[in-house]
Each structure stands twice: as structure tokens, then as C-alpha cells.
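Open the model in your viewer and keep the sequence panel beside it. We will go stop by stop.

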Amino acid sequence: MKQCNRSFLKRRGLKGNLTPGFTLIEVLVSIAMLSLFTMAVMAVLIPLSRSYTTTEVASSAQQVVRMAVELIANDIRLAGLDPLQQLQGLDGSGLPLAGFQEANATSVRFTCDRVADGDEEANGTIDDSNFENISYYYEAATQSLNLRLYAGAPVQTSQQLVNNVKNLRFRYYDEDGNETGDLQEIRAVQIDMTVEEDAGTEGTIERSYTTRVLCRNLGV
């Protein structure tokens with residue numbers, strides 16, 4: 001009977017009663033190799049992912065700080081604008097309130113007589129509208145850059161522009177390039193600003209931007 005069974009198994013191409021498959025050792029070795037491969041891949045991908053995140057955060061922070069400083073600079077260029085005085089060739093002081101009203105290390109306020117939309121010329125007064133009375137200031141409690149319009153007027157408004165501001169500093173210079181605190185002598189303003197952004201496991205990233213603005217409507 002045994003001989004008959006062996007002959008039958010041989011005719012079937014089988015040896016004994018073994019079933020094709022993997023041994024326990026082969027499975028364990030395969031798992032170990034797969035784990036090593038996965039660890040190697042993760043060791044490459046995780047630093048790349050962190051680097052990508054850090055780069056994105058740094059780029060975003062740089063863009064934010066630059067746009068904020070340029071926004072302030074564009075408005076400061078209009079400080080003291082008095083079109084009526086310039087058009088009429090007056091050599092007096094012009095508008096008594098056109099120019100810098102406050103000039104502190106972390107805040108600045110200035111006025112101008114803009115040409116309103118739809119008007120052909122300025123009206124010769126500082127209005128509580130049309131962005132003619134502007135303040136930019138740093139609020140330490142919220143670490144933010146803020147904009148205030150029409151300070152002292154019943155319609156004054158305030159708005160938070162940028163968060164996570166680590167530093168904001170204004171420096172004022174006269175026509176000779178010397179620092180000054182005299183409102184009437186200011187001819188240029190330097191703006192220094194630093195923002196901080198969270199980069200996750202990489203901690204925080206700081207980006208700074210500095211520019212100096214010439215006040216083209218003052219001292220003319």
C-alpha cells in the first residue's frame with residue numbers, strides 16, 4: 001500500500017505530503033528586510049519634508065514682512081502732501097497739519113491732503129476721510145502691526161494688519177542724514193520690522209526687512 005501511494009505521488013509530481021509555502025524563518029527575514037527598507041526611506045523623506053516645510057514658512061514670513069514694510073513706506077511718501085500749496089507756488093507753511101504729527105520708535109502718525117476719487121484737486125484741508133490722517137503702530141501685548149485712520153476724529157478706525165511681529169522700529173532723519181526727533185525736520189524715515197512664524201518641529205523662523213523712505217513732500 002505504501003509503495004502504491006509513493007508511486008501515485010511521484011506521478012503527481014509531488015514528494016511526500018509537503019505543501020509549497022514559506023518557512024517561519026523566511027517570513028521573519030522578509031519582515032526584517034522590509035522594516036530596514038522602510039526605515040531607510042523614512043530617514044530620507046522626513047528631513048526632506050522638514051526642509052520643505054521650513055523653506056515654505058521662511059518664504060511666507062519674508063513675503064509678509066516685506067509687504068507690510070512697503071505698505072507703510074508707500075503711505076509715508078505722501079506725508080505732508082499739499083497740492084494746493086505746490087500748485088499755487090506758495091512759499092508759506094501750507095497746511096498747518098500736513099506732515100508728521102507723531103514720530104516715536106514704535107509708532108508714527110502723519111497727514112496729507114490727497115486728491116479724492118472723482119475730484120480734480122485737493123480741497124486744502126485734512127479730512128477725516130480719504131486716508132489723509134494715518135497712524136502705524138506696534139502693539140506689544142498682541143505682537144502686531146496696526147493701522148489707525150483719522151486719530152482723534154469721531155470716525156477713527158483701527159485694524160490689525162500683521163501678527164507675530166517681534167520688532168518694529170522707526171528712525172527719523174533730517175536733510176543731512178542725522179537722526180532727529182523734531183517733527184519739522186524729518187525728511188526720511190527708516191522702517192525696521194521682524195516677524196516670527198511657527199515651523200512646527202523645527203521651532204520658529206524669523207525674517208526681517210528694512211527700508212528707508214524719502215519724504216518727497218517735505219522741505220520743498
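Start with the cysteines. The structure holds 0 disulfides, a disulfide being a pair of cysteine sulfur atoms within 2.5 Å.

Select Cys112. Cys112 is buried, at 1% relative accessible area. Buried means under 20% relative accessible area, exposed over 50%, and partly exposed in between (1.4 Å probe, protein chains only). Next, select Cys215, which is also buried, at 4% relative accessibility.

A word on what you are viewing. This is a predicted model, where local features need pLDDT of at least 70, side-chain atom pairs count only at pLDDT 80 or more, and totals for chains, interfaces and linings use all residues. Residues are numbered from 1 along each chain as its sequence is written, and side-chain values use heavy atoms, with hydrogens and water left out.

Now color by pLDDT, the predictor's confidence in each residue, from 0 to 100. The protein averages 80, and 74% of the residues score at least 70. Select residues 165-173: this is strand S6, where mean confidence is highest, at 97. Then jump to helix H1, residues 2-11, where it is lowest, at 49. Next stop, residues 86-94: pLDDT stays under 50 there. For this stretch the model has 9 contacts beyond four places in sequence (contact: heavy atoms within 4.5 Å). Where pLDDT is low, the predicted coordinates should not be read in detail.

Switch to cartoon. You will find 3 helices and 8 strands. Helices (H or I, at least four residues) and strands (E, at least two) are DSSP runs, numbered from the N terminus. Along the sequence, the pattern is α-α-α-β-β-β-β-β-β-β-β.

Finally, select everything. Of the 220 residues in the protein, 32% are buried.
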